[in-house]
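Welcome to this short tour of a protein chain. Have the sequence and the 3D view open side by side, and look up each residue as it comes along.

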Amino acid sequence: MKKKEETNSIIEICPVRNVIARFGNKWALLTLLIIGEHDVVRFNELNRLIPDVSSRVLSSTLRTLEADGLIDRKVYAVVPPKVEYRLTGIGKSLLPLIRQLTEWAQTNMKKVTNHRKEYETSLPQ
């Protein structure tokens, strides 16, 4: 029987699970798209562009994207503090894939929601 540590290490090195899991946060892909559309964006502007996200969750999302090397954060030594975000090269390379996924979702959303409704109504009561 494998130890739990060994199992976790296998998951951690699996590229698909490791990278895709970072996008489990529902704001990560949208944040990347918006930064990509604006080239450089400040935190408050980004917070306005995504009105449903709290500042705390947005900060956490940005830290995760920065840790993965998808965005670059630049802090200016001014008062009040000024922080700008932009996509890195690897972040830019991800944009076409996110856009394809977005287009697929827009094209198929009605079908998906219809299937969900059919599935829910077919379940035994």
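Let's begin with a charged pair: K82 and E84 form a salt bridge, and their closest N and O atoms are 3.6 Å apart. Keep in mind as you read that this is a predicted model.

**The salt bridge and its surroundings**

- Side chains of opposite charge can pair when their charged atoms come close.
- How many salt bridges does the count come to? The count comes to one salt bridge, and the partners are K82 and E84.
- Is E84 buried or exposed? E84 counts as buried because its relative accessibility is 11%, and the cut-off for buried is under 20%.
- K82 has a relative accessible area of 24%, so K82 is partly exposed.
- On the chain, you will find E84 in strand β3, which covers residues 82-87.
- E84 has another partner as well: its side chain and that of Y76 are joined by a polar contact of 2.8 Å.
- Setting aside neighbours within four places in sequence, the residues in contact with E84 are V40, V41, R42, D72, R73, K74 and Y76.

- The largest nonpolar core is made of 23 residues.
- Inside this core, the residues with the most contacts are L32, I35, L46, L62, I71 and Y85.
- At least two residues of this core come from each of α3, α4, α5, β3 and α6.
- Which element gives the largest share of this core? That is α3, with five residues.
- Helix α3 spans residues 28-38, and its buried residues are A28, T31, L32, L33, I34 and I35.
- The cover over these buried residues includes β1 (40-42), α4 (43-49), α5 (55-67), β2 (71-76), β3 and α6.
- Take L32 as an example: beyond its neighbours within four places in sequence, L32 is in contact with F23, L65, L70, I71, L87, L94, L95 and I98.

- The peptide bond from V79 to P80 is cis, and its omega is near -5°.
- To find P80, look in the loop between β2 and β3.

**Out on the surface**

- V16, V19 and I20 form a nonpolar patch on the surface, and together they have about 280 Å² of accessible area.
- One of them, I20, lies in helix α2, residues 15-21.
- I20 counts as exposed because its relative accessibility is 52%, and the cut-off for exposed is over 50%.
- S122 belongs to helix α6, residues 89-122.
- With a relative accessible area of 53%, S122 is exposed too.
- A polar atom of the S122 side chain lies 2.8 Å from the backbone oxygen of Y119.
- How far apart are the C-alpha atoms of S122 and L65? They are separated by 40 Å, and the two residues are 57 residues apart along the chain.

Key
Residues are numbered from 1 along each chain as its sequence is written. This is a predicted model: local features need pLDDT of at least 70, side-chain atom pairs count only at pLDDT 80 or more; totals for chains, interfaces and linings use all residues. Side-chain values use heavy atoms; hydrogens and water are left out. Patches are made of residues with over 30% relative accessible area and no salt bridge: like charges are joined within 9 Å, nonpolar side chains (Val, Leu, Ile, Met, Phe, Trp, Tyr) within 5 Å. Accessible areas come from the Shrake-Rupley method with a 1.4 Å probe; for residues, only the protein chains shown count as cover. A salt bridge is a side-chain nitrogen of Lys or Arg within 4 Å of a carboxyl oxygen of Asp or Glu. Helices (H or I, at least four residues) and strands (E, at least two) are DSSP runs, numbered from the N terminus. Buried means under 20% relative accessible area, exposed over 50%, partly exposed in between (1.4 Å probe, protein chains only). A polar contact is a pair of N or O atoms within 3.5 Å; within protein, one must be able to donate a hydrogen and the other to accept it, and residues adjacent in sequence count only if both atoms are side-chain atoms. Contact means heavy atoms within 4.5 Å. A nonpolar core is a set of buried Ala, Val, Leu, Ile, Met, Phe, Trp, Tyr and Cys residues joined through side-chain atoms within 4.5 Å.
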